[in-house]
Amino acid sequence: MSIENREAGAAPAATADVGTAAKETLEDYTLRFAPRSYRKWSTGVVGVTALGGIAYLADFAIGANIGISYGTTNALWGIGVFAVVIFATGFPLAYYAARYNLDLDLITRGSGFGYYGSVVTNVIFATFTFIFFALEGSIMAQGLELGLGIPLWLGYALSTLIIFPLVVYGMSLLSKLQLWTTPLWLVLMVAPFVYLLVSHPDSVSSFFAYQGENGQGTPSLGAVMLAAGVCLSLIAQIAEQIDYLRFMPPKTPANSRRWWTSMILAGPGWVFFGAIKQIVGLFLAVYLIANVADGAAVANQPVHQFLEIYRDLLPPWLAMTLAVVLVVISQIKINVTNAYSGSLAWTNSFTRVTKRYPGRLVFLGVNLVIALVLMEANMFDFLNTILGFYANCGMSWVVVVAVDIAVNKYVLKLSPITPEFRRGMLYAVNPVGFGSMLVSAGVSILVFFGVFGAAIQPFSPLVAIGLAVVLPPLLAIATKGKYYLRRTDDGLDLPMFDEHGNPSGEVLHCHVCRQDFERPDVTKCETHDAVVCSLCLSTDTVGDHVLPA
């Protein structure tokens with residue numbers, strides 16, 4: 001029985017559930033377009049909030065790990081490859097999110113994957129959020145153990161539980177949290193590095209001369225690509241940046257410069273901050289290895305990196321306090337983002353597959369439980385392997401979508417320029433993006449595990465990127481763009497965009513959930529002379545409201 005039929009009187013409680021689901025999604029616009037009536041933040045506030053989400057200390061651990069494994073020279077080149085790839089692929093995604101006010105899943109649907117095809121990419125992204133939640137939670141637990149003597153297993157639980165209440169209210173609370181904590185975080189993070197440069201200038205030469213734990217860090221393309229592969233596991237971070245960027249205000253001639261600055265810095269520009277943190281993490285690790293007794297044992301643990309430098313500057317009690325404060329602030333700032341974005345991704349997938357909306361908080365709990373299990377399994381000890389494997393999946397997805405936007409939309413003109421995400425307007429699966437991602441990820445994972453030989457094994461990132469760049473245009477040409485749009489008319493004779501090209505702010509009333517939504521979030525209903533919103537289309541179990549092909 002469809003939502004409309006239930007509304008007619010068979011099950012009043014079900015109608016109430018539809019209304020409840022609609023109201024809950026209006027806090028953070030889970031699963032849907034973010035309307036201009038909700039986007040009350042300035043470009044600067046959105047940008048700072050988005051950048052607050054990259055406060056994580058995992059970059060320090062990643063930089064230290066790849067440097068210890070492959071030496072400074074190879075690590076720096078790997079970080080350079082990482083930065084170039086992330087910026088190039090992140091730019092079109094961030095632009096679409098900020099311009100059209102959609103999260104990456106909604107963008108993915110209309111950029112080569114189809115309405116159901118993007119469910120797979122949602123699972124990839126959800127996996128990213130709980131892997132990095134677990135990594136950040138592990139670092140926080142290390143800080144709690146060092147500073148307060150809390151056992152690791154209990155620290156894992158505390159670092160998980162503290163996040164839940166902070167994520168309940170979505171963007172409204174997260175914007176305040178990120179703004180208030182950013183200044184203190186910056187001071188605590190930057191001070192140790194500046195101190196070393198000024199008081200221990202010899203640490204710079206030691207840093208560049210470091211050859212790795214095995215002393216075999218001579219320049220090597222294979223080592224560079226292995227290092228880059230670990231760093232590129234962060235490619236899905238752009239999806240978390242987009243979860244904030246979708247709340248950018250409309251772009252107008254008056255705010256154009258500020259709009260572009262915030263979009264670039266908080267979108268693809270996050271990678272410059274990330275690359276700097278990785279380099280600093282390696283720098284601090286090399287310093288600990290060379291100058292601190294047993295430093296090699298803890299050189300890849302950010303809490304110890306900062307603690308040792310603070311001890312040179314401050315009394316022991318204050319050094320310990322600041323190290324713990326830095327770790328706790330950093331982990332809260334990033335893990336609220338991981339938990340928030342992960343809950344959106346799981347909810348989105350579940351709702352489309354089952355056509356039922358269980359509530360974002362259900363999957364917030366699911367994401368946190370999975371992350372806690374990973375922490376208790378001590379995933380920190382297998383960091384390079386986990387991230388190197390995941391990178392192949394993340395790169396395949398993000399690069400395919402970026403190529404579809406940049407090439408298939410703007411060069412080949414086979415993919416519609418304006419994004420589409422509504423059920424009924426898209427085919428279930430589009431082979432262009434979906435097929436490209438499966439082949440790219442599948443082949444690169446086989447390369448990663450050595451199926452094609454040890455000589456090519458380090459180059460799995462290049463295989464993933466190469467296939468993800470080449471396949472979407474080839475498949476778009478082969479299919480002549482046939483599978484992008486199931487229909488081009490949504491039944492409403494109203495403009496979708498205003499005079500500046502921004503999504504229209506005209507408000508229409510959904511006859512199913514009885515809520516008001518802006519023009520881009522609705523279509524005409526197939527069975528009534530009325531409109532229906534995107535969430536009610538998603539949860540329509542029979543398809544009564546869905547427009548025909």
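**Pockets, cavities and helix packing**

The lining of the largest pocket comprises 14 nonpolar, two polar and six charged residues. Ala, Val, Leu, Ile, Met, Phe, Trp, Tyr, Cys and Pro are classed as nonpolar, Asp, Glu, Lys and Arg as charged, and the others, including Gly, as polar. The model is predicted: local features require pLDDT of at least 70, side-chain atom pairs require pLDDT 80 or more, and totals for chains, interfaces and linings use all residues. Residues are numbered from 1 along each chain as its sequence is written, and side-chain values use heavy atoms, with hydrogens and water left out.

The volume of the largest pocket is about 350 Å³. Its lining has 22 residues, of which Thr-418, Pro-419, Glu-420, Arg-422 and Met-496 are the closest to the centre. Pockets and cavities were defined on a 1 Å grid over the protein atoms alone. A pocket is an open set of points with protein on both sides within 12 Å along at least five of seven lines; in a cavity, a 1.4 Å probe fits but cannot get out. Lining residues have an atom within 4 Å of a point. Points are joined across faces, edges and corners, and the volume is the space filled by probe spheres set on them.

Four cavities of 30 Å³ or more were found. The largest cavity has a volume of about 90 Å³. Asp-103, Leu-104, Asp-105, Asn-122, Phe-125, Ala-239, Asp-243, Ser-341, Leu-344, Ala-345, Asn-348 and Trp-397 line the largest cavity. Helices H5 (104-113), H6 (119-148), H12 (237-245) and H17 (316-354) each give two or more residues to this lining. H17 provides the largest share, four residues. Six of the lining residues are nonpolar, three polar and three charged. Helices (H or I, at least four residues) are DSSP runs numbered from the N terminus.

H6 also packs against H16 (residues 302-313), at an angle of about 45° and with the axes 8 Å apart. Axes are lines fitted to C-alpha atoms over the stretch in contact, and angles run from 0 to 180 degrees between N-to-C directions. Ile-139, Gln-142, Gly-143 and Leu-146 of H6 contact (heavy atoms within 4.5 Å) Pro-302, Val-303, His-304 and Leu-307 of H16. This contact has five nonpolar, three polar and no charged residues.

The axes of H10 (residues 202-209) and H14 (residues 270-291) come within 9 Å and cross at roughly 100°. H10 is thus roughly perpendicular to H14. Ser-203, Val-204, Ser-206 and Phe-207 of H10 meet Ile-279, Leu-282, Phe-283, Val-286 and Tyr-287 of H14.

Key. Parallel < 35°, antiparallel > 145°, perpendicular 65-115°, else oblique.
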